[in-house]
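Please find below a note on the model under discussion.

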Amino acid sequence: MDRREGAGPGADFRGGIGHPKLVTLYDYWHGLRGDRDMPLRRLFDPLHIPALLPNILLNEVVGRPPRFRIRVEGSAVSAARGFDATGKFLDDEGVAVLDDGIFAAYAAMVSDRKPWYSTGAFTADSGRAGDLYRLALPLSAEGHRVDFILVGFFHELRRL
């Protein structure tokens, strides 16, 4: 499943987020943004969401067309990936494990400044198995352009 905030008439984006901890992250982000499209980066304080830190990524938007450099990667994200990708770009070989539209979704977020939520699954042939829940939220340095993407990532493992 792939969803964008505001997609479809009367769409309830928050109600469609299928992981309770990602609802918490969305509520935190939504509270920071107030009446803006997105919050200012400086307002985001990871110490306000300590239980979510292992499952957080902070991606910096670099250049045009945009590339996405991982600035912060929580320990649970690194464990799911199999290595710590801090400092790497998402399009570097081996960094984005699933080819599930993440690059197109992030590029769209840079244009429309709207959150994105997706679910998916890792299969045994990928060397891991389980369900994936991902919420990506735009942040801005000055309020107009998406400069960072805050991501909550939960990978619920199943035995292989």
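The numbered points go from the overall fold to individual side chains.

1. Basis of the note. This is a predicted model, in which local features need pLDDT of at least 70 and side-chain atom pairs count only at pLDDT 80 or more, while totals for chains, interfaces and linings use all residues. Residues are numbered from 1 along each chain as its sequence is written, and side-chain values use heavy atoms, with hydrogens and water left out.

2. Composition. The protein has three helices and six strands, where helices (H or I, at least four residues) and strands (E, at least two) are DSSP runs numbered from the N terminus. Read from the N terminus, the order of elements is β-α-β-β-α-α-β-β-β. Of the 160 residues, 45% are buried (under 20% relative accessible area, with exposed meaning over 50% and partly exposed in between; 1.4 Å probe, protein chains only).

3. The six strands form an open sheet in the order 1-4-5-6-2-3, with antiparallel pairing; a pair requires at least two DSSP bridges between the strands. Strand 1 (2-4) and strand 3 (67-73) are the edge strands, each pairing on one side only. From one strand to the next, the twist averages 25°. Strand 2 (residues 56-62) and strand 6 (residues 148-157) are joined by five bridges in the antiparallel sense, and Ile56 stands opposite Gly152 in strand 6.

4. Helices on the sheet. Helix 1 (residues 20-33) packs on the sheet and touches strand 2, strand 4 (116-122), strand 5 (130-139) and strand 6; its direction makes about 0° with that of strand 5. Helix 3 (residues 102-112) lies across strand 1, strand 2, strand 3, strand 4, strand 5 and strand 6, at about 25° to strand 5. Axes are lines fitted to C-alpha atoms, for helices over the stretch in contact, and angles run from 0 to 180 degrees between N-to-C directions. Contact means heavy atoms within 4.5 Å.

5. Aromatic pairs. Rings of Phe, Tyr and Trp (its six-membered ring) pair if their centres lie within 6.5 Å; planes under 30 degrees apart count as stacked, over 60 as edge-to-face and the rest as tilted. The count by this rule is five aromatic pairs. The rings of Phe13 and Tyr26 have centres 5.5 Å apart and planes at 50°, so this pair is tilted. Phe13 belongs to the loop between strand 1 and helix 1 and Tyr26 to helix 1, so the pair ties together parts 13 residues apart in sequence. Phe13 is buried at a relative accessible area of 4%, and Tyr26 is buried at 6%. For Tyr106 and Trp116, the ring centres are 5.8 Å apart and the planes at 85°, so the pair is edge-to-face. Phe13, Tyr26 and Trp29 form one aromatic cluster.

6. Nonpolar core. Such a core is a set of buried Ala, Val, Leu, Ile, Met, Phe, Trp, Tyr and Cys residues joined through side-chain atoms within 4.5 Å. The largest has 45 residues, and among those touching the most other members are Leu25, Tyr106 and Leu135. Helix 1 gives the largest share of this core, seven residues. Leaving aside neighbours within four places in sequence, the contacts of Leu135 include Phe13, Tyr26, Trp116 and Leu150.
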